[in-house]
Amino acid sequence: MKNLMKMAAIAAVVTAGFASCSSDDEVNNSVVSGTQAALDQACADWKVARANWENTEAFLFGAADVYSIDPHTDTWPVAANDLAEVLRDEKAMSNLDNFIKTANAGILGYHGLEYVLFRQGQPRQIDQITNLEYNYICAVAKDLYYATSTLEAAWDSKESNAERQKIAKEYVATHLSINDDGDQQGKLAGFQNFGKAFKNPGTGDWETALDATREIISGCRDIIGEVGDSKIGLPYTGEDATYIESPYAYNSIVDFYDNIVSCKNALYGQINATTPNEKSLIYFCQNAGNAKLAAQANNVVSKLDNALAKIQAMKAPFALYFSDASCKVAIDALGELDDALGELDESLAGYAGNKTVEGQCQVINENYVDNVVVATYRMLADNAQKLYDSIVKIKN
């Protein structure tokens, strides 16, 4: 959920495997005792963990949506006034685990951390970080790790990490769902394995293998539209000049770029692939012996590379230059990419019921789950844990 709302996100905190960040000292507004090097490292680790998250945005269907993890961890813009008030309120901060269970999502997750860690694209000075802020970001970072672990576990068809499976099942059992208005809607659906369902048509949300393969395209189109129409478009057009992602770290353009990289990974069937994997959607379309599919797939590749180039060429930082003409160039390139994917998707839809295509889609989907979704979520959870560890180390 990428808008600022007053939302109450219930987030039960699993304690296994982590020491508490907070000490027995009375929480106060004194400056934390730590080093600038430690704070700088936490900021560097935030950027890595942030890139990992943005690389998941082509597949926010499934666990991220069903378990309300997207709004819980990535609501923005930050509710800056609310967060600033909380960070001066010792009473509100006296029981952080409980506070985070009921705090509005606009002060949590990646952007709650960003607000404390960064100013004007740079790490804050260590002598500006208070003990209140330190305790707060420790709790938020720990919560972020549990949320990302749940994503990995919920897509891992092999259930290969027992610790994260345990975290995920407790997370799902103890959190509440969040609707588009930020309201709590009762308990989440029970834990399920989306990776298994995606690989096995008819057992979950996808009736056929082709349905699941087309979901890959749909997930890409969702984030392409969001980047072009909302993330860049709303500030650029003046419709909402405050609607700027990652403004404190000056990370907006990197966020946009990584969002489209998530599409490239999904379509190419592998993280950081420079050419399509032989088990990928694009490779299949290029090599299926169908001239129309091949031309459409090649057009997607061309438009994808162009969109990435145009985003990279935007004038930075976006927080200061969101009305620059380079933004419109990027918006147009994203629109062309979306159109190209729409044409490819329409062609694929015509193969419903084709057994040969179903078989090829099965291969595509199995590769997608293992080598794109799970691989990305595992990296995400690993680096969320590293971020938590580095935040703990800010204080001597």
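Predicted model: local features only at pLDDT ≥ 70, side-chain atom pairs only at ≥ 80, totals over all residues.

Q: What's the secondary structure count?
A: There are 16 helices and 4 strands in the protein.

Q: And how does the radius of gyration sit against a compact globule?
A: It agrees: for 396 residues a compact globule would come out near 21 Å, and the protein has 21 Å.

Q: What does the C-alpha trace span along the principal axes?
A: About 70 × 50 × 35 Å.

Q: How much of the protein is buried?
A: Of the 396 residues, 57% are buried.

Q: What share of the contacts comes from residues 24 or more positions apart?
A: Counting contacts with a separation of 6 or more, 80% of them are between residues 24 or more positions apart.

Q: Switching to the surface, what's the accessible area?
A: It comes to about 15600 Å², and carbon and sulfur atoms hold 46% of that.

Q: How about charges?
A: The protein carries 32 positive and 54 negative side chains. The centres of those two sets are 4 Å apart.

Q: Now S323, where is it?
A: S323 is in the loop that links α14 (318-321) and α15 (325-349).

Q: Is S323 buried or exposed?
A: S323 counts as exposed because its relative accessible area is 53%, and the cut-off is over 50%.

Q: How far is S323 from Y236, in sequence and in space?
A: They're 87 residues apart in sequence, but C-alpha to C-alpha S323 and Y236 are 4.7 Å apart.

Terms used. Residues numbered from 1 in each chain as written. Heavy atoms only, no water. Helix = DSSP H or I, 4+ residues; strand = E, 2+ residues; numbered from the N terminus. Buried < 20%, exposed > 50% of the residue type's maximum accessible area, 1.4 Å probe, protein only. Rg over C-alpha atoms; globule rule 2.2 N^0.38 Å. Contact = heavy atoms within 4.5 Å. Areas by Shrake-Rupley, 256 points an atom, 1.4 Å probe, with all protein chains shown as cover. Lys, Arg positive; Asp, Glu negative; His and termini not counted. Charge placed at Lys NZ, Arg CZ, Asp CG, Glu CD.
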